[in-house]
Amino acid sequence: MIYLDYSATTPVSYDVLETYNTVTKDFIGNSNSLHSLGVKSKTLYNSAKKQISDIFNVLESEITFTSGATESNNLALIGTCFGNARKGNHIIVSKLEHPSIYKICDYLKTQGFEISYVNNDQDGLIDFEDLKKLMRPTTILVSICAVNSEVGIRQPLKMIRQIIKKENENTIFHSDMTQAIGKVAVNFHDVDMSSFSGHKIYGPKGIGVFYKSSRINIAPVLYGSSKDNSLHPGTIALPLVVSLSKAIRLALMDLDKKENFVRRLNDKICNELKDIEGIKINKTKISIPHILNITLEGIRPETFIHALEEYDIYIGTNTACSNKELSTSVMAIYNDKKRALSTIRISISHLTTTDEINKFLNSFKLVYYKLHNLVSG
């Protein structure tokens, strides 16, 4: 099997899975219980949480564990809007966000909030002048992803934050960092809030992080009893939390070395495919190498994906959470509906081998020429 859909989800690391199994077997106590088994679990939980907060250089109280980035995004956007409605009702998001952000915005519109969509330039970079123009005294939130999930556009969060705070120091800045963590360096201090999922960094599904600076206040979205965090009440999923801590530590090891290796694989694919008729590489100078978007003119993406399955090769289309054929991100960058209608996404990992890429390219060409001849003949 050749797996090239790492941006949709990653296989669980063996070491992470071993940690999950150990904690599940050996730490059975509810961490809220007063007896020794509960205390043992709470001690391990505190240790895992401290490890994560130390890695990102934030306070332990600023970390909330969620079921994943979608829940974290809900906490960030809905929590901010409901908790700061007296200050304004205006939100700004980019045109390169994950579908979960847009779904939340659709809901917030029904609650009286106004959404503005900031433009980007031809490379996908946020248009700073447009952002300045959109900022208002009533702008309570700006949400811009660190790395786009379809084309891999990486945004300069620190610079964006400076612009936001200069225009309105009370505006809260959130970033969905799901596609950035474990791929490129990030700094939580460039934002007020951030979100990410464990299953994108070789951790288990069902666990994610919501970071919120202690300087800001938001309203809870969930309600219940909790001794740990009022933003996410309920029993702590200890095996998931400890596994996530392990996954983060492993994902951030040798980050530059991993990125350089992935870049070489990305370049190899691009060099092999860029001159083939009917193929367009949707990549800009600020795309990270782990995500490679390609347009196959006249070929339905799902047809191509299923054809590659015959060779035991697995790639994606747009994002795994989108059921739309049109790539909104490709549309936002190239303003070409035809180009955006037939895109596939190849996502590469440091685990990917050169041999796998060679086999993928051979199979890709066989499938492409067969389908291309059918649609053009």
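Trainee: At what angle do the axes of helix α3 and helix α4 cross?
Mentor: In this predicted model, the axes of α3 (residues 69-83) and α4 (residues 99-110) come within 10 Å and cross at roughly 30°. That angle makes α3 roughly parallel to α4, because angles under 35 degrees count as roughly parallel.

Trainee: Is that crossing left-handed or right-handed?
Mentor: The crossing of α3 and α4 is right-handed.

Trainee: And which residues make the contact?
Mentor: On the α3 side the contact is made by T70, N73, N74, L77, I78, C81 and F82, and these meet S100, I101, I104, C105, Y107 and L108 of α4.

Trainee: How many of those are nonpolar, polar or charged?
Mentor: Sorted by class, the contact of α3 with α4 has nine nonpolar residues and four polar ones, with no charged residues.

Trainee: Switching to the open sheet, what is the strand order?
Mentor: The open sheet has seven strands in the order β2-β8-β7-β6-β5-β3-β4, and the pairing in this sheet is mixed. From one strand to the next, the twist averages 20°.

Trainee: Which strands stand at the edges?
Mentor: Those are β2 (63-66) and β4 (114-118), and each has a single partner strand, so one side of each is left without a neighbour in the sheet.

Trainee: Do β2 and β8 pair in the parallel or the antiparallel sense, and over how many bridges?
Mentor: Strand β2 and strand β8 (residues 208-212) pair in the antiparallel sense over four bridges. Within that pairing, F65 has V209 of β8 as its bridge partner.

Trainee: New topic: how many residues of strand β10 are buried?
Mentor: For β10 (residues 291-296) the count is six of the six residues, so this strand is largely enclosed by the rest of the structure.

Trainee: Which way do its side chains point?
Mentor: I291, N293 and T295 point one way from β10, whereas L292, I294 and L296 point the other way, and all are buried. As background, side chains in a regular strand alternate between the two faces of the sheet.

Trainee: Which strands does β10 pair with?
Mentor: One of them is strand β9 (residues 279-282), which pairs with β10 in the antiparallel sense over four bridges, and there K280 has T295 of β10 as its bridge partner. Another is strand β12 (residues 343-347), which is joined to β10 by five bridges and also runs antiparallel to β10.

Trainee: What stands opposite N293 in β12?
Mentor: Opposite N293 stands R345 of β12, and N293 itself is one of the buried residues of β10.

Technical notes. Residues numbered from 1 in each chain as written. Predicted model: local features only at pLDDT ≥ 70, side-chain atom pairs only at ≥ 80, totals over all residues. Heavy atoms only, no water. Axes fitted to C-alpha atoms, helices over the stretch in contact; angles between N-to-C directions. Helix = DSSP H or I, 4+ residues; strand = E, 2+ residues; numbered from the N terminus. Parallel < 35°, antiparallel > 145°, perpendicular 65-115°, else oblique. Left-handed = near helix turned anticlockwise from the far one by under 90°. Contact = heavy atoms within 4.5 Å. Nonpolar A, V, L, I, M, F, W, Y, C, P; charged D, E, K, R; others polar. Pairing = 2+ DSSP bridges. Buried < 20%, exposed > 50% of the residue type's maximum accessible area, 1.4 Å probe, protein only.
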